[in-house]
Amino acid sequence: MTVLSERVWVLRRLVRLLWEVVPGTAAVVVTLSIAGGLLATLEVHLLRRLVETAQDVLGGRAPLAAGLLWGAALFGKEALGGALRLGGIARERLQWRLRAAIERRCLRRAQTLPLALLETPEHHDRLERARQGMEQRFNNLLGYSWQMVTSTAAVLSLLVYLGQFHWAVPALLLLGTTPSVLAQHRLTERRYMTVWRQTPHVRRLEVLRRILTGREAAAELRLFGFGPWLVDQVERLRRRLHGERLALARHEARLTVAADGLNALVLVAAVAGSVWLLITGRAGIGAYAALFSAVQSFQGHYWTVVMLGVWAWGDVRYVRDFFDFVDTLGVDPEVGRKLAGPISRGIELERVSFTYPGSETPALSDVSLTIRPGERLALVGENGAGKSTLAKLLMGLYRPTEGRILVDGIDLQEIAPADWFRRFGAVFQDFVRYQATVRENIAFGDVARTANAEAIMAAARRSSAAEVACSLPEGLDTLLGKEFHDGVELSVGQWQKLAIARAYVRAAELLVLDEPASALDARAEAAVYERFAELAEGRTALLISHRLGSCRMADRIVVLRQGRLVEEGTHADLLRTGGEYADLYRLQAAWYASDVPAGATGATMA
């Protein structure tokens, strides 16, 4: 696709979007914009008639009333122009509605993108460019477009008007400005490519600034003292970006000076031509005044068209980035097969492998596993063994790069994602701390139950989050987090209890707990596992935990090492085998036993 065809495609897309979202308002705005442009020629003509009539009045060839009439007409034109400017209200309404529609589409698209795509830097670069296209450039493009419609109508009508004096006048004005147009177009291309190249560095700069000014790293910044080093990194990166932009600015300044000089010469030539017409008697004083006014008006509107056109033409590329993001291949969560009822035969992994985008080492390799309905399965292994990856593959958040996952004999990729997601309740190891109320933090597990206080409290009691809510000033309606004035901050363990409640509020057929008690004290941890055992009754449950004592409640334990399944069996069977699991278990038992007095019991290893 050529540059021209690319931008024409974007403009057609934009016009189609306008017509889909606000057809009536768009038609009104275009009509008012054209009418506003035609007023420029009307003003020139009224000025000519006023001057000519004034001459006739002074010469006794016309009554005073005729001059007053043309003066009133000129005043009426100004009043009409003021009325047309009220169209700005319609433009504001149009831009607001269109921006809302675009943001809605962008946010919806983000929810359908494959999770693996978020692992690639290219996606984040595309997202940053799309954000710029939507937030910074889109409104600019719309504003330029309306002004261009007005100025284009003015330019075309003035060209026709100037042509009646002599064909060379409009030709001179057009030909003299063309080099400036080409120069501005070239500058726009260079600006875009500069921004395109700088996108990863700009994102890096924003990350460093967030680290230096945010709460997340504040403690370590002070404790380890690496803040000054980061400040130096920011300054070095900022200087690099500034240097590239400064070089571009110097180039722009040179071209702009040359373009302005050429434009001044064109104006002098046009004025000289109008004087010649007056001296040779080919135009009267009224026509001369009209011609001079028309040349100045034309030049002003033409440069408006040129500059806005160049800016808009450049912004089209940024808006194209937005459309590229919206068009990114997504997954419609409602498309696919629907399971008729609960899982009856089980979930089967057939030689499943998975490699994260950009990585050369598989996170999982050739894993074959069958999970029976109602079975409680524990995943065990060292950090990086692939436990969380396997859980996310089972939940359909990632797709295997090799092999397949079958649900009652149906390939998981054929099942509608929304139908599959509804069957899960999950606590992730990297759980989210939502800056919302306690009630909302729990209800996000099943937003349909937001107003169901009984279901919210039941989930809170099962996860011990009820104790957290009771300790807060507004109970379930307490706003959490420090991003708001009235927000209350929680401890990591309290946040984790809310995350567990989020999983419990959903009437899920399958339950996944990935390190559900990593931030809890020993008593709270024991309570979580006890309630998990109760909640898992009759459900298929997957438990990931480094606390191997908790795995004893599982019907079967699966051991992973470096992405491969190396052992599976019951707790007792694996201890008798004396393999990987037995080694890890005895290592933990010895650690706890060294500090536990004889006769004491350890809740964690129980």
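# Reading strands, helices and burial

Tutor: Strand β9 (residues 556-561) pairs with β10 in the antiparallel sense, over 5 bridges. The model is predicted: local features need pLDDT of at least 70 and side-chain atom pairs count only at pLDDT 80 or more, while totals for chains, interfaces and linings use all residues. Residues are numbered from 1 along each chain as its sequence is written, and side-chain values use heavy atoms, with hydrogens and water left out.

Student: What makes β9 and β10 count as paired strands?

Tutor: Two strands pair if DSSP finds at least two bridges between them. β9 and β10 are joined by 5 bridges, so they meet the rule. In one of these bridges, R561 has R564 of β10 as its partner.

Student: What makes a stretch a strand or a helix?

Tutor: Both are DSSP runs, numbered from the N terminus: a helix is H or I over at least four residues, and a strand is E over at least two. The protein has 18 helices and 10 strands.

Student: What is the order of the 6 strands in the open sheet, and how do they pair?

Tutor: The order is β6-β7-β8-β3-β9-β10, and the pairing is mixed. β6 (424-427) and β10 (564-569) are called edge strands because each pairs on one side only. From one strand to the next, the twist averages 15 degrees.

Student: How do you know that α10 packs on this sheet?

Tutor: Contact means heavy atoms within 4.5 Å. α10 touches β3 (376-380), β6, β7 (510-514), β8 (540-544) and β9. Its direction makes about 155 degrees with that of β8; axes are lines fitted to C-alpha atoms, for helices over the stretch in contact, and angles run from 0 to 180 degrees between N-to-C directions. Helix α15 (residues 492-504) lies across β6 and β7, at about 175 degrees to β6.

Student: Why is β3 called largely enclosed?

Tutor: Buried means under 20% relative accessible area, exposed means over 50%, and partly exposed is in between (1.4 Å probe, protein chains only). Of the 5 residues of β3, 5 are buried, so the strand is largely enclosed by the rest of the structure.

Student: In which sense does β3 pair with β8, and how does it run relative to β9?

Tutor: β3 and β8 pair in the parallel sense over 4 bridges, one of which links A378 to L543 in β8. β3 also runs parallel to β9, with 4 bridges between them; V380 has V559 as its bridge partner there.

Student: What is the order of the open sheet of 4 strands?

Tutor: It is β2-β1-β4-β5, with antiparallel pairing. The edge strands here are β2 (364-371) and β5 (410-411), each pairing on one side only. Helix α10 (residues 387-394) packs on this sheet too, touching β1, β2 and β4, and its direction makes about 125 degrees with that of β1. β1 (residues 347-354) and β4 (residues 402-407) pair over 5 bridges in the antiparallel sense, and I347 stands opposite V407 in β4.

Student: How do you know that the length of helix α2 agrees with its number of residues?

Tutor: The expected span is 1.5 Å times one less than the number of residues. For the 36 residues of α2 (residues 23-58) that gives 52 Å, and the end C-alpha atoms are 52 Å apart, so the two agree.

Student: Where is the kink in α2 centred?

Tutor: On A40, where the kink is about 25 degrees. The bend at a residue is the angle between axes fitted to the seven residues ending there and the seven starting there. After α2 comes G60, whose phi is positive, near 75 degrees.

Student: Why is R337 called partly exposed?

Tutor: R337 has 45% relative accessibility, which places it in the partly exposed class. It is in the loop between α9 (285-326) and β1. Its C-alpha atom is 6.0 Å from that of E414, 77 residues away along the chain. Leaving aside neighbours within four places in sequence, R337 is in contact with residues including E414, I415 and D419.

Student: Which class does A171 fall into?

Tutor: At 24% relative accessibility, A171 is also partly exposed. It is found in helix α6 (residues 168-213).
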